[in-house]
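Thanks for coming. I have one structure to go through today, and I will start with its surface.

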Amino acid sequence: MFLRREAVPFAFVSEADRFRSNVTPPPRERLSRTQMAARSLVGLTVVAGLAGSLLFGMPALQPSKAPEKSQQSEASEGR
């Protein structure tokens, strides 16, 4: 069997990186007020969650002083 190959015009290949389309994409739709409000509420919820976790998590990350007297149960005292 004999494979037939067509020649590739190298001028077209070299111009491929400079190709500009004359077709313009359709304009983007503007967001409605409800969509803008929903997106801002989601953003505020995320920011509030991060701030709250930082606020409540910081005391747990602080090094605490070791208690001077270790805690023991009443049963271990021999009573």
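This is a predicted model. The accessible surface of the protein comes to about 9,100 Å², and carbon and sulfur atoms account for 60% of that.

The secondary structure is quickly described: two helices and zero strands. I will stay with helix 2, which covers residues 33–61. Helix 2 has 29 residues and spans 41 Å from its first C-alpha to its last. That is close to the 42 Å expected at 1.5 Å a residue.

Val 42, Val 46 and Leu 50 make a nonpolar patch of about 290 Å². An α-helix has 3.6 residues a turn, so residues three or four places apart point the same way.

Which of the classes does Val 46 fall into, buried, partly exposed or exposed? Val 46, which lies in helix 2, counts as partly exposed because its relative accessibility is 49%, and exposed means over 50%.

Terms used: Residues numbered from 1 in each chain as written. Predicted model: local features only at pLDDT ≥ 70, side-chain atom pairs only at ≥ 80, totals over all residues. Heavy atoms only, no water. Helix = DSSP H or I, 4+ residues; strand = E, 2+ residues; numbered from the N terminus. Areas by Shrake-Rupley, 256 points an atom, 1.4 Å probe, with all protein chains shown as cover. Patch = residues over 30% accessible without salt bridge, like charges linked within 9 Å, V, L, I, M, F, W, Y side chains within 5 Å. Salt bridge = Lys/Arg side-chain N within 4 Å of Asp/Glu carboxyl O. Buried < 20%, exposed > 50% of the residue type's maximum accessible area, 1.4 Å probe, protein only. Expected span 1.5 Å × (residues − 1).
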